Amino acid sequence: MTKLLLLLASFLLAASQLATARQPLAGGWSPIKNLTDQHVSDLGEYAVSEHDKASKDSLEFVRVVKGEEQVVAGMNYRLVIEAKDAKGQVAKYVAVVWEKVWANFKQLTSFKPISS
C-alpha cells in the first residue's frame, strides 16, 4: 500500500511539473514564440494607433521585432515595435498592451521610444 501511495505521489508530482512547464508563470514574462502571428501584429498595430491618438503623432506600424507576454488579470504584452514616422524614418518603440480577451478589453499602458 505504501509503495502504491509513493508511486501515485510521484506520478502526480511529475504531471504537475509537466503542466506548469508548458504554461507561462503567473506574473513572469515569457517570450512570444511566433512574432508573425496575426494576433501579435494586431496588438502592435493597436499600440501604434492608440499612441498616435493620445500624442497626435502620425506613426505607422511596420512590425513587431520582439515580444514577451505576462499572465495577469488577463495578459500583458510587452512588444518591441518598429514604426515609421511622417518622414519615413523607422524607429523602435517598447509598448505594453493589457488585454482581457473574454471581456473584449484592450488598453495601451506604455509606449516609449528606444534610444539607439
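This dialogue walks through a predicted model of one chain.

Reader: How is the confidence of the chain summed up, and what share of residues reaches a pLDDT of 70 or more?

Author: The mean pLDDT of the chain is 85. A pLDDT of 70 or more is reached by 77% of its residues.

Reader: Over which residues is the pLDDT below 50?

Author: The general idea comes first. Where pLDDT is low, predicted coordinates should not be read in detail. In this chain, pLDDT falls below 50 over residues 4–22. That stretch makes zero contacts in the model beyond near neighbours in sequence.

Reader: What secondary structure does the chain have, and in which order along the sequence?

Author: The chain has two helices and five strands. Along the sequence they follow the pattern α-β-α-β-β-β-β.

Reader: In what order do the strands lie in the sheet?

Author: The order is 1-2-3-4-5. The sheet is open, and the pairing is antiparallel. Strand 1 (29–31) and strand 5 (105–113) are the edges. Each has a single partner strand, so one side of each is left without a neighbour in the sheet. On average, neighbouring strands are turned by 30 degrees against each other, direction ignored.

Reader: Which strands does helix 2 touch?

Author: Helix 2 (residues 38–55) packs on the sheet and touches strand 2, strand 3, strand 4 (90–100) and strand 5. The direction of helix 2 makes about 70 degrees with that of strand 5.

Reader: How many bridges pair strand 2 with strand 3?

Author: Strand 2 (residues 60–72) and strand 3 (residues 74–84) pair over 11 bridges, in the antiparallel sense. A hairpin joins the two through one residue. Then take R63, which stands opposite E82 in strand 3.

Reader: Which residue of strand 4 stands opposite E82?

Author: K92 of strand 4 stands opposite E82. Strand 3 and strand 4 run antiparallel, joined by 10 bridges. They form a hairpin with five residues between them. In the turn, G88 has a positive phi of about 90 degrees.

Reader: Is strand 3 mostly covered or mostly uncovered?

Author: Strand 3 is mostly covered, with nine of its 11 residues buried. For the chain as a whole, 27% of the 116 residues count as buried. The chain exposes about 8,100 Å², and carbon and sulfur atoms supply 57% of that area.

Reader: What share of the contacts joins residues 24 or more positions apart?

Author: Among contacts in the chain with a separation of 6 or more, 43% are between residues 24 or more positions apart.

Reader: How is a pair of aromatic rings described?

Author: Two quantities describe such a pair: the distance of the centres and the angle of the planes. A search of the whole structure finds two aromatic pairs. In one of them, the rings of Y93 and F111 have their centres 5.1 Å apart. Their planes stand at 25 degrees, so the pair is stacked. Y93 lies in strand 4 and F111 in strand 5, 18 residues apart.

Reader: Why does Y93 count as buried?

Author: Buried means under 20% relative accessible area. Y93 has 13%, so Y93 is buried. F111 is at 14%, so F111 also counts as buried.

Reader: Which residues form the edge-to-face pair?

Author: W98 and F105 form that pair. The separation is 4.9 Å centre to centre, with 75 degrees between the planes. W98 has a relative accessibility of 23% and counts as partly exposed. F105 is partly exposed as well, at 28%.

Reader: Where is I114 found, and which residues does I114 contact?

Author: I114 is found in the segment after strand 5. Leaving aside neighbours within four places in sequence, I114 is in contact with V80, K92, Y93 and V94. Now compare sequence with space. I114 and A91 are 23 residues apart in sequence, and their C-alpha atoms are 7.8 Å apart.

Reader: How accessible is I114?

Author: I114 is at 36% relative accessibility and counts as partly exposed.

Technical notes:
Residues are numbered from 1 along each chain as its sequence is written. This is a predicted model: local features need pLDDT of at least 70, side-chain atom pairs count only at pLDDT 80 or more; totals for chains, interfaces and linings use all residues. Side-chain values use heavy atoms; hydrogens and water are left out. Two strands pair if DSSP finds at least two bridges between them. Helices (H or I, at least four residues) and strands (E, at least two) are DSSP runs, numbered from the N terminus. Axes are lines fitted to C-alpha atoms, for helices over the stretch in contact, and angles run from 0 to 180 degrees between N-to-C directions. Contact means heavy atoms within 4.5 Å. pLDDT is the predictor's confidence in each residue, from 0 to 100. Buried means under 20% relative accessible area, exposed over 50%, partly exposed in between (1.4 Å probe, protein chains only). Accessible areas come from the Shrake-Rupley method with a 1.4 Å probe; for residues, only the protein chains shown count as cover. Rings of Phe, Tyr and Trp (its six-membered ring) pair if their centres lie within 6.5 Å; planes under 30 degrees apart count as stacked, over 60 as edge-to-face and the rest as tilted.
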